[in-house]
Amino acid sequence: MGATMSTEQLFGVDRLLNDDERAIAATVADFGTKRLRPQVAQWFEDGALPVRELALELGDLGLFGMHLDGYGCAGTSATAYGLACLEAEAVDSGLRSFISVQGSLSMFAIHRFGSDEQKEQWLPAMAKGEALGCFGLTEPDFGSNPAGMRTYARRDGDDWILSGTKMWITNAPVADVAVVWAQTGENGLGRGVRGFVVPTDTPGFSAPEIKHKMSLRASVTGEIVLADVRVPASAQLPEADGLRGPLSCLNEARFGIVFGAVGAARDCLETAIEYSGIREVFDKPLAGYQLTQAKIADMAVELGKAYLLAIQLGRIKDSGRIAPEQVSVGKLNNVREAIAIARQCRTILGANGITLEYPVIRHANNLESVLTYEGTSEMHQLMIAKALTGQDAFR
Ligand code: FAD
């Protein structure tokens, strides 16, 4: 007897979506199947992504800054954007990162905090994928606690001079423009953080690539070294005041991850279910053993719950303002469950589970990065518990 249901059907997910959302998810899934899946394992193995080519194709599909309005952006609902992230990450977390960093971090920062001139200069080209952006917040000594950042912007006449080092910056080595966050010392520590839109060909700017990653290999990561980079006053993001600026961008990108993690987990589970139906152990298919069935049922339940949580958060975001703590709940749960599912699926594939012939180990390794960036699980636990108890346990 063949399978009678998918996880989505088990949870009736489809019924929660409208026609537009279903159509967008189907378009991205189709692009993933035809264009990305045949090559993604090779990109991962090579640790290289054809970024320029892909950027134009993803731009054509309207995936960059998809839920932003104007400037050539598609202006879809947040839920539709989330579903696009889900289908992209079902292929590879690195590809979803590419979309998130361009749209939710770099474009969102310019769209939300930029001047009209900055928006006109960058957003239409970024939406088309003709210009690539990156978002520089993390530093070698300050990841979870960006308030301690040492990158400094000092005034020189009307100009700003930026100096410091950013670390682990997605797309930095290939970007045309970097949104860089720096301490200015204005208004006291922490509140003096300001954002700058820095063309990457500005003298003093360099972005060496970080090699030897064992995770998110189909994604370009680099440092940003700012050696007295001089930018005009007009490079400052006028509406960003203090750390709230970059943190609100992170909240946008985390929202995409809430959905994206579901995609990675779904791909692992589908692979494991198919494999266990074909693989014979002790004279019958692996899927026919109760131990395997318990694994599959438990994973499907967690996946379905993660799906429903993502859609619920999408609905909250589409109906108005979503609280950062609500996004934290989704990021914490969905990434944690996705990585548990990926590792469990790996066991079902046995030795085959460690090769790039199947997507499972690639997803599991990728999810290690997803667990860490955009706030580690511990940071989200602290945020959620702070909201619930009123006690700040960050320090
Ligand atoms: P640390 O802050 O040093 O944390 C180490 C451990 O300590 C973690 O487990 C953490 O949860 C824990 N910890 C920290 N504080 C506490 C506490 N108070 N209580 C208990 N535990 C605590 N950054 C960008 O700005 N832009 C990007 O585009 C970007 N892309 C990335 C791509 C990849 C592939 C990766 C891996 C990272 C990327 N990052 C990016 C950086 C990422 O956001 C940081 O790595 C992350 O914020 C964690 O910082 P850290 O690595 O310095 O870890």
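Strand E4, residues 177-183, is largely enclosed by the rest of the structure, because seven of its seven residues are buried. The model is a predicted one. Val177, Val179, Trp181 and Gln183 point one way from E4, while Ala178, Val180 and Ala182 point the other way. The residues of both sets are buried.

Strand E1, residues 133-136, pairs with E4 in the parallel sense, over four bridges. Strand E5, residues 193-199, pairs with E4 in the antiparallel sense, over seven bridges.

Cys134 leads on to the question of cysteine bonding. The residue counts as buried because its relative accessibility is 0%. The closest cysteine sulfur to that of Cys134 belongs to Cys249 and lies 13 Å away, which is too far for a bond. A second case is Cys268, which is also buried, with a relative accessible area of 0%. The cysteine sulfur closest to that of Cys268 is in Cys345, at 5.3 Å. This distance is again too far for a bond, since a disulfide requires the two sulfur atoms to be within 2.5 Å. The structure as a whole holds zero disulfides.

Further strand pairing is found around strand E7, residues 221-231. Strand E3, residues 159-170, runs antiparallel to E7 and is joined to it by eight bridges. Within this pairing, Leu162 has Val229 of E7 as its bridge partner. Strand E6, residues 205-206, also pairs with E7 in the antiparallel sense, in this case over two bridges.

Between them, domain 1 and domain 2 bury about 2100 Å². Of that area, 65% is on carbon and sulfur atoms.

H9 has 25 residues, so at 1.5 Å a residue it should span 36 Å. The C-alpha atoms at its ends are 36 Å apart, which agrees with that expectation. Just after H9 comes Gly350, which takes a positive phi of about 55 degrees.

Helix H11, residues 377-389, contains Glu378. With a relative accessibility of 47%, Glu378 counts as partly exposed, because that class lies between buried, under 20%, and exposed, over 50%. Glu378 and Gly103 are 275 residues apart in sequence. In space, the distance between Glu378 and Gly103 is 26 Å, from C-alpha to C-alpha.

Key
Residues numbered from 1 in each chain as written. Predicted model: local features only at pLDDT ≥ 70, side-chain atom pairs only at ≥ 80, totals over all residues. Heavy atoms only, no water. Buried < 20%, exposed > 50% of the residue type's maximum accessible area, 1.4 Å probe, protein only. Pairing = 2+ DSSP bridges. Expected span 1.5 Å × (residues − 1). Buried area = accessible area lost by both parts, 1.4 Å probe.
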